[in-house]
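Here is a short briefing to keep beside the viewer. Take a look at the model, then read on.

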Amino acid sequence: MALRSEYKDLFLEKHGVKLGFMSGFVKAAVNGLQHQPIINSVIDGEDIIYRDYIDISIAVGTPKGLVVPVIRNADKMNFAEIEKDINTLAKKATAGTMSIDEMAGGTFTISNGGVYGSLLSMPIINPPQSAILGMHSIVQRPVGVGGSIVLRPMMYVALTYDHRLIDGREAVFFLRRIKDVIEDPRRLLLDI
């Protein structure tokens, strides 16, 4: 939140699009999927297929219901490219002009129920994908910091996953990676 506040005006001026939270979560998810590739894989009959690309589906609420457009090759995009793609896809979704191809083929989904006030939920996997990340409202909560209780912005995230393919260990490591990268985005720059 501090990074966004500090750079949002410069980002808009340079890239012509607002810096939102979703691009950070897309980048964090990409990084998590790179660290836990089983979550980006799929069961195909008796085989497990590991994908060498990351196409992130983003759930978008529209007046006519939920649609899930896909950000193709998100692993090769920077924050500005992701924000521009999200903006374009959201406008098409709202206008009802999105094609089937723009909603097909994602390898992993992010759903943000927090925009509707959700504090915690478990989103449903979009087959043939193997997992979905649910984001929730950012709420000031009391937390312990250095022996004191202080208010901090907190968001719960949830990962629904196909347990035939993904063990709890990998799911927790993935969620910890999301947490680490969101709390300190410099980790992306330094690849740590």
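This is a predicted model: local features need pLDDT of at least 70, side-chain atom pairs count only at pLDDT 80 or more; totals for chains, interfaces and linings use all residues.

How far apart are the mean positions of the 21 positive and 21 negative charges of the chain? They lie 7 Å apart.

**Fold**
- The chain holds five helices and nine strands.

**The open sheet**
- Five strands make up an open sheet with mixed pairing, in the order β6-β3-β7-β8-β9.
- At the edges are β6 (70-71) and β9 (148-161), each of which pairs on one side only.
- Strand β3, residues 56-58, runs antiparallel to β6, and two bridges link the pair.
- Within this pairing, Ile56 stands opposite Ile71 in β6.

**Overall form and surface**
- The radius of gyration is 17 Å, which agrees with a compact globule, because a globule of 192 residues would have a value near 16 Å.
- Along the principal axes, the C-alpha atoms fill a box of roughly 50 × 40 × 35 Å.
- Buried residues make up 39% of the 192 in the chain.
- The chain exposes about 11,200 Å², and carbon and sulfur atoms supply 56% of that area.

Technical notes. Residues are numbered from 1 along each chain as its sequence is written. Side-chain values use heavy atoms; hydrogens and water are left out. Helices (H or I, at least four residues) and strands (E, at least two) are DSSP runs, numbered from the N terminus. The radius of gyration is taken over C-alpha atoms; the globule rule is 2.2 Å times the number of residues to the power 0.38. Buried means under 20% relative accessible area, exposed over 50%, partly exposed in between (1.4 Å probe, protein chains only). Accessible areas come from the Shrake-Rupley method with a 1.4 Å probe; for residues, only the protein chains shown count as cover. Lys and Arg count as positive and Asp and Glu as negative; His and the chain ends are not counted. The place of a charge is taken as NZ of Lys, CZ of Arg, CG of Asp or CD of Glu. Two strands pair if DSSP finds at least two bridges between them.
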